[in-house]
Structure formats: structure tokens, C-alpha cells
Amino acid sequence: MADLLHDLWFGAFLTPAAKDAHLLVRQAVLAENLGLDIIGVQDHPYQPSFLDTWTLLSVLAARTQHIRFFPDVASVPLRPPAVLARAAASLDILSGGRLELGVGSGAFWDGIAAMGGERRTPGQAVAALEESIEVLRALWRPGEPVAFDGEHHRLRGALPGPFPPHPIGVWIGAYKRRMLELTGRVGDGWVPSSAYAAPSELAAMSAVVDRAAEEAGRDPGLIRRVYNVSGRFSALAGKGFLQGPPSLWAEQLTELAHAHGMSVFVMAPGEERDLKIFAEEVAPAVRQAVGRERPPAVQPAARGPLEESTRPRLPKRDLAALPAAQQERGLHLVMIHDQLRQELTQIRDAVEQVAGGRGEVAALRSMVSRLTMRQNYWTLGSFCASYCRILTVHHTIEDERMFPALRSAQASLAPVVDRLQEEHEVIAELLTDLDAALVAMVEDADAIDGVRERLEVLSEALLSHLAYEEEELVEPIARLDLDI
């Protein structure tokens, strides 16, 4: 399994020791301030010296704004899936769409049984977890009351909801064959730890996940590979995995991304200094090294925030139920977007006309033809630059006026608004790329292919962004009395 081209995330793996309660909050805030992406928290409800993981996650989410969280991994035998579904969706709502859900089939069965949980065989534990995942997803989908009659879990007309504002990934902690196969069949992510699955073991384990996914008709490349890691920073390289300077860590983690598709690295910090080194030295080096080997079109800046599967979505209300005047207010956004779409089509046509003209150049008129095409290139460049300015102004108005008003009027819109603003940054970078290609085209006629390529990437991203914005915001803009 090679690099799966997922965005690279780096995070902290926290042990919820009750004696370190204040330290845990401080580490979470530090992780966010350092620019880390995610925090994983162990879940061992039978451990009396540990804080309850869900309570801790709620506190950490309240003290931060951007960093993601996940239980690493939740002990499902002690967390009934219907209740877990409500808890996960609630935390996702309260945190603004920042939760992923790590789940495990159970370990330390004496502790589980002591807390009143059912002691299960390995086969029963896997089957119970598979049922749990089905229950979770059923209660996260709007629809009719849910009936489920499994061997280990049952629902008798449970009402779905609340609904998470983004698609929560179900990441499965798995090492043995049956759990790896379950991950391939139904998991959104796979979470091994280096303490129990050394790098040398990952290939064989990953192959089981991939084979099970393919047999279930799924794309193995869609399954996130999350690796909990631990090691020691030192001036000199030592024996074993992650024993040495930051450059060694970066080299070894880069190899895991290239060879095994690992894209989320969650480090257990010995002290806060380790977090700083991991965030400030290791993570940037890995991003740079992995990025050099990736095609430009799938770099995180151009791919991640516009990835359809990770967009927050809210339950929909019927626009037609509103008075006509209010509907018109919401549909004004579509009218603006239609103008942008029309102008984008004109740019695409202009590019093709220029490209076609270049193909008709005759040898005896090559000089004149080049001069004519140079003028065409300048005209095209001016047209594109004008469009880029219009689009940038439109996005600036949204960022500075419309989005804050929406967030203030309806708190549940915050994850959608945040995501749209992230996508504005991505589109701004794509516009910059197109502008650079136009500059190159003025100097080199053959650079038209670069313009075409960058325009195609921009078009796909922009049309997807406009459609997503309309889907989520037309009705709220119509319904809410906004000062925009």
C-alpha cells in the first residue's frame, strides 16, 4: 500500500490520569497553539485513576477552537452504542464538527466485567462491535425511527438524532485478523499503535484491511491510516523506532506515509518539550518530504478542505415553506453564483480558442502568428485577472459580512461557515496558481497547457464550493433576518 494522498495530520496522544487534570488541559491548549491537528485520549472506564474520557473530551473541546479530538479508542463494551451515538453527535455539535470516533471491541476483560460489562469471546466482541457501528450510523442519519435486532444490540424504534454537523469518521483500533477484516468492511479509519504493531508488521496487517475492503466492494484508499506512536528525542540515533533527533523521526514517519499510507501520526508526549519538537520540527519536515512526492493536484491545499466527504452538513428545512419575499432573499445568493459560473464558462471558452489558434500556425507566417497569439494571450490574461478580482471581492464580502452574521444568528451554522472560509483560502491559492500560469504563457506559448490544467483544477473546486454553499446557506439566508 503506497501513499493514499490523505491530508497529513499530527497530534498528541493523552493519558487521562486524574492526577494530571490541569496538565491535560494545558497540553491540549498547547497542542492547538502549536498548530497540531488532533488529540487522541485513551478510554479505559474500568481504570479508577483515570478521568472519564468523554467528560475530558468535552472540557478540552470547550478550551480550544480548531483542533480535532477522538477517543483513542472508545471501549464499546462499556458504552452502549445508542448512547455513544448521542454522545458523539452532541460533542461534534458542541465542538463545531471537530470529533472523530475511535472505537474498539474491548480489552482488559476482567476490568470490563467488574464494571458490569459482558465478558465476550474474541468472535463475539468483533460481532458486537460491527453491530455497534451499524447502530451508530443509523442514529446519525435523519429518517424514520430505527429498529435493529442484532445478537448483541437492539433498538425498538429509537429516534435518530441529534445529527453531527460533519460526517464523523469511525476509526477502528485493530490488530488481529477478524478486527482488521471488520475495519476493511465498515471502517472509515484504522488505528494501530506502535507499541503493539511495529512498523515492520504494518504491511501484512494493512494487506488484510485492503483485501477485506475490496471484497466488500469498497476502495481501500478511502480508509484513513492512524498511527499512535511513541519514542524519544535525542541528539544521536539509538536502536529502535523513533529513537533519535527530529530529522530521524521525520525520515521514519515519511517512510510510513509513502510505504503504508499512514496519514495521521498521534504522539504520546513525555513532556511538553516533546510536543513542541514534534509540532515545530517533525511535522513540517514530514509534510514537505511527502508533498514533494505527491502530484500537485492532490496537495492538501488543493484537495483537503474541498473533499466532499469531510464537509459539515446540517439537517435541511424546506425553502418552499417560506414566504416568497424570504425565498427571493435566499435565492439572491444563487443569482450571484450563476454570474460567477457564466464568467467561468467564458474563460474556459477563451482558453480553448487561444489553444485552437495556436494549432493553426503556418510555418511561413510564424512570426506574425506569434505576435497575434501574444496579443491573444495578453487579452486572455487580462480577462482572467479581472474575473479573479471579482471572485476575490465576492469571497471577501462573504468572509467579512455574511459569514459572521450567519454564525451569530444560528450557532449550528458555525462549522459550515468555518469550512466555507477554509475553502475560500484554497480557491485563493488556486487563483494564484492560475495567475502564475498566465504570466508564464505570455513568455512561452507552449505554456497554454499549464493554463488549461490549472483552470480545470480551479473550475472543479469552485463549482463544487458554490454548490455546497448554496445547499447549506440559501435556506438560512432566506429564513434569518440578517444585516448583510
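This report walks through the fold of one predicted chain, from its overall make-up to single residues.

**Basis**

The model is predicted, so local features need pLDDT of at least 70, side-chain atom pairs count only at pLDDT 80 or more, and totals for chains, interfaces and linings use all residues. Residues are numbered from 1 along each chain as its sequence is written, and side-chain values use heavy atoms, with hydrogens and water left out.

**Overall make-up**

The chain holds 14 helices and 13 strands. Helices (H or I, at least four residues) and strands (E, at least two) are DSSP runs, numbered from the N terminus. The chain has 484 residues, and 51% of them count as buried. Buried means under 20% relative accessible area, exposed means over 50%, and partly exposed lies in between (1.4 Å probe, protein chains only). Take the contacts between residues at least 6 apart in sequence: 74% of them join residues at least 24 apart. Contact here means heavy atoms within 4.5 Å.

**The sheet**

Nine strands make an open sheet with parallel pairing. Their order is β3-β2-β1-β13-β10-β9-β8-β5-β4. Two strands pair if DSSP finds at least two bridges between them. β3 (68–71) and β4 (74–75) stand at the edges. Each has a single partner strand, so one side of each is left without a neighbour in the sheet.

Within this sheet, β8 (residues 170–172) pairs with β9 (residues 189–190) in the parallel sense, over two bridges. I172 has W190 in β9 as its bridge partner. Helix α8 (residues 246–260) packs on the sheet. α8 touches β10 (224–229) and β13 (264–267), and its direction makes about 145° with that of β13. Axes are lines fitted to C-alpha atoms, for helices over the stretch in contact, and angles run from 0 to 180 degrees between N-to-C directions.

**A hairpin**

β6 (residues 146–149) and β7 run antiparallel, joined by four bridges. The two strands form a hairpin with four residues between them. D149 has R154 in β7 as its bridge partner.

**Two packed helices**

Two packed helices are described by the angle between their axes and the distance between the axes. For α3 (residues 81–95) and α5 (residues 122–140), the angle is about 50° and the axes are 8 Å apart. The two helices are therefore oblique to each other. Angles under 35 degrees count as roughly parallel, over 145 as roughly antiparallel, 65 to 115 as roughly perpendicular and the rest as oblique. The crossing of α3 past α5 is right-handed; that is, the near helix is turned clockwise from the far one by less than a right angle.

On the α3 side, the contact is made by P81, A82, L84, A85, R86, A88 and A89. α5 contributes S132, V135, L136, L139 and W140. By class, the contact has ten nonpolar, one polar and one charged residues. Ala, Val, Leu, Ile, Met, Phe, Trp, Tyr, Cys and Pro count as nonpolar, Asp, Glu, Lys and Arg as charged, and the others, Gly among them, as polar.

**Backbone exceptions**

Most residues other than glycine have a negative phi, and most peptide bonds are trans. The sites below depart from that.

| Site | Backbone feature | Value |
|---|---|---|
| D72 to V73 | cis peptide bond | omega near -5° |
| G161 and P162 | cis peptide bond | omega about -5° |
| L5 | positive phi | about 70° |
| F108 | positive phi | near 55° |

V73 is found in the loop between β3 and β4. P162 lies in the loop between β7 (154–158) and β8. L5 sits in the segment before β1 (9–14) and is partly exposed, with a relative accessible area of 24%. F108 belongs to the loop between β5 (101–104) and α4 (109–114). F108 is exposed, at a relative accessible area of 53%.

D274 is in helix α9 (residues 272–292). D274 is buried, with a relative accessible area of 13%. Leaving aside neighbours within four places in sequence, D274 is in contact with F233, M267 and P269.

A436 lies in helix α13 (residues 414–443). A436 is partly exposed, with a relative accessible area of 46%. R454 is 18 residues from A436 in sequence, and the two are 9.6 Å apart in space, C-alpha to C-alpha.
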